[in-house]
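I opened a new notebook page for this structure and went through it one topic at a time. Here is what I looked up, in the order I wrote it down.

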Amino acid sequence: MLRLLVFVVGVVGIGWLIGATNLPGEWYAGLAKPGFVPPNWAFPVAWTSLYVMIAIAGWRTFSREPLGSAMLVWAAQLVLNFAWSPVMFTMHQIGAALVILICLFVTIVTYIGLELSRDRPAAALFLPYAAWVGFAGVLNAAIWRLN
């Protein structure tokens, strides 16, 4: 259980830290956005829930095979996930952020595929994540197109 706690606190804590240090700010507020942008309060709620699910899936995978291919893909998706906010909100690189989201989506789907036959609960924990990142990609692409 200690390892699970470390995964949850680590993933959620780093996610919150990156979010808190790479805020959208005035630059993002001034961008043209599509009508389907969720309200600002939805993002921390969604991401906190997703980070808990990501952490639990990672803990399950790590507990079974710490250096296996699924764990390496899990780590890769986390690096991509944590890279998006600085690229989008601090560097103001909308197109590069979209590329990150596309790569992130591919790693999420790859993780699901790897875990589907080995650990269905871990794979299932990534389904809402895939849906949210897919939506985020559409949103990012729309913002890029509008600006």
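This is a predicted model: local features need pLDDT of at least 70, side-chain atom pairs count only at pLDDT 80 or more; totals for chains, interfaces and linings use all residues.

**Entry 1: salt bridges.** I counted a salt bridge wherever a side-chain nitrogen of Lys or Arg lies within 4 Å of a carboxyl oxygen of Asp or Glu. By this rule I get four salt bridges.

I began with Asp119 and Arg60, whose side chains form a salt bridge with an N to O distance of 2.8 Å. This pair connects distant parts of the chain: Asp119 sits in the loop between α5 (94-116) and α6 (120-125), while Arg60 belongs to helix α3 (residues 42-64), and 59 residues separate them.

Next came Arg64, which pairs with Glu115 in a salt bridge with its closest N and O atoms 2.7 Å apart. Here too distant parts of the chain are linked, Arg64 in helix α3 with Glu115 in helix α5, at a separation of 51 residues. Is Glu115 buried or exposed? I found Glu115 buried, with 0% relative accessibility. Arg64 is partly exposed, with a relative accessible area of 35%.

I also noted the salt bridge of Glu65 with Arg118, where the closest N and O atoms are 3.7 Å apart; that counts because the cut-off is 4 Å. Glu65 lies in the loop between α3 and α4 (69-90) and Arg118 in the loop between α5 and α6, so to speak a link between distant parts of the chain, 53 residues apart. Both ends are partly exposed: Glu65 has 34% relative accessibility and Arg118 has 37%.

Which residues are linked in a network of salt bridges? My list reads Arg60, Arg64, Glu115 and Asp119.

**Entry 2: Asn22.** I turned to Asn22, which lies in the loop between α1 (2-21) and α2 (25-29). Asn22 counts as buried because its relative accessibility is 9%, and buried means under 20%. I found two polar contacts to write down: the side chain of Asn22 meets that of Thr21 at 3.2 Å, and it meets the side chain of Thr90 at 2.4 Å. Leaving out residues up to four places away in sequence, Asn22 touches Ser85, Pro86, Phe89 and Thr90.

**Entry 3: the nonpolar core.** The largest nonpolar core has 41 residues, and those touching the most other members are Ile54, Trp74, Met88, Ile108, Tyr111, Phe126 and Tyr129. At least two residues of this core come from each of α1, α3, α4, α5, α6 and α7 (127-146). Which helix gives the most? I found that α4 does, with 10 residues.

Not counting residues up to four places away in sequence, Trp74 touches Phe7, Val11, Ile54, Ala55, Ala57, Gly58, Tyr111 and Phe126.

**Entry 4: the largest pocket.** I put down a volume of about 760 Å³ for the largest pocket. Its lining has 33 residues, and Phe43, Trp47, Trp84, Ser85 and Phe89 are the closest to its centre.

Technical notes: Residues are numbered from 1 along each chain as its sequence is written. Side-chain values use heavy atoms; hydrogens and water are left out. Helices (H or I, at least four residues) and strands (E, at least two) are DSSP runs, numbered from the N terminus. Buried means under 20% relative accessible area, exposed over 50%, partly exposed in between (1.4 Å probe, protein chains only). A polar contact is a pair of N or O atoms within 3.5 Å; within protein, one must be able to donate a hydrogen and the other to accept it, and residues adjacent in sequence count only if both atoms are side-chain atoms. Contact means heavy atoms within 4.5 Å. A nonpolar core is a set of buried Ala, Val, Leu, Ile, Met, Phe, Trp, Tyr and Cys residues joined through side-chain atoms within 4.5 Å. On a 1 Å grid over the protein atoms alone, a cavity is a set of points where a 1.4 Å probe fits but cannot get out, and a pocket is an open set with protein on both sides within 12 Å along at least five of seven lines; lining residues have an atom within 4 Å of a point. Grid points are joined across faces, edges and corners, and a volume is the space filled by probe spheres set on the points.
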